[in-house]
Structure formats: structure tokens, C-alpha cells
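Notebook open, viewer open. Time to look a few things up.

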Amino acid sequence: MLPTSQQTIGPFFPRGFIGPADNDLTRISADATPTTQGEAIILRGTVTRVGGVPCVNAILEMWQADAAGRFNADPSFLGWGRTFTDAEGHYAFRTIIPGGFTDATGARAPHANITVMGAGLMRRVLTTVFFPGSDTAQDPVMAAVPTALRPLLVAEPARREKGVRCFRFDIRLRGENETPFFDL
């Protein structure tokens, strides 16, 4: 049964419950040494609603495989993080370029999954971000998206920060260029 407008997701926890390093997937805790496997990157973006209005205090969770395409195999890599958007709808994660893998759905291109929760959403939304240069032609998730919308799932290269490659992935919840979302 789908929730009604009276049943939006929540309650939401305050910003104080999200630590400053919780958006860093490269380490298992704020004081732990980051993984040495894979290329560290920063993924930044903006979460907006229809008309480009920023979503303030939206909570984003991101998870992915390690550099070799495995889950829970690199003891220094958490592979999961959480952050929230600021007053302009901006968010950021520090992570690594994930490896591809094969699961029950087929050969998966390197990607990360992002879920967004926020006031006004009746349920969380889930999307997948792919990285430029990866062969996504055989990926079953990418194949499920109409060809014209596929570029909306690929992060764009951005300016390096302190020698680290950066990517931009904007999430539009509604309206023109709405990000493709998936049901679990």
C-alpha cells in the first residue's frame, strides 16, 4: 500500500546526529585510516525540487562496492555514508571509484546507490550514479532507463580539489530533468 499525503516519511533526526565524517565512505570511523585501495574521489551535487528549488535538510545515504567490486571485503572501507543538504541543497560524499561486479541481475557497471529522504517525500527515493568512462551498456539498471534519460545517471567530472578528482551528480526530485528513481 502506498502511503498517503498524511503519511510522509519521518520523523527526521536532527543534524547533530550526523557526524562531520559520516559522509566519508573511505574509512570505517572518523578517526580510522582510510582505505588504501582504489582512487579516492569526492562526489558533490545539489538536491532540488520542481523549479530548481533547493531541498534543505534532505538526508542522503550512499552505499557502494569497494574498488574491487566487493562488499564487506576491505576492512578499511565502510562503503556506506550519510549526509544532509545545506541551505542551498548541496551535499558531498568522499568515497572511491567503485569496482564493477556481477550479481543476480547481471554484470553491474561501477556505481553507487543514493537514497534521499526529506520533508514532503511520502517515501524515500533511490537512484544510482554511474561514473564517466565506465561501460554501462550491459548494466541492467542502466538498461531499464530510457536512452534519453541515461545521461541523468552519470556523474559529471568537476574541478579537482587538493589533487582529488571530483564529480558532480545533481538530484532533481521533480520536474524537468527529473532524476530516474527506482523501486526496491
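**Ground rules.** I'm working with a predicted model, where local features need pLDDT of at least 70, side-chain atom pairs count only at pLDDT 80 or more, and totals for chains, interfaces and linings use all residues. Residues are numbered from 1 along each chain as its sequence is written, and side-chain values use heavy atoms, with hydrogens and water left out.

**D66.** I found D66 in the loop between strand 2 (59–64) and strand 3 (80–84); strands are DSSP runs of E, at least two residues, and helices are runs of H or I, at least four, both numbered from the N terminus. Buried or exposed? D66 counts as buried because its relative accessibility is 1%; the cut-offs are under 20% relative accessible area for buried, over 50% for exposed and partly exposed in between (1.4 Å probe, protein chains only). Leaving aside neighbours within four places in sequence, I see D66 in contact (heavy atoms within 4.5 Å) with A73, D74, F77, I96, P98 and G99.

**Hairpin.** Strand 9 (residues 156–161) pairs with strand 10 (residues 164–168) in the antiparallel sense over 4 bridges; pairing takes at least two bridges found by DSSP. The two form a hairpin with 2 residues between them, and K162 in the turn has a positive phi of about 50 degrees. I noted P157 opposite F167 in strand 10.

**Rings.** My search of the whole structure gave 3 aromatic pairs; rings of Phe, Tyr and Trp (its six-membered ring) pair with centres within 6.5 Å, and planes under 30 degrees apart are stacked, over 60 edge-to-face, the rest tilted. One of them is F131 with F167, edge-to-face at 5.6 Å centre to centre and 75 degrees between the planes. This pair links distant parts of the chain, 36 residues apart: F131 is in the loop between strand 8 (125–130) and helix 1 (140–143), F167 in strand 10. Both F131 and F167 are buried.
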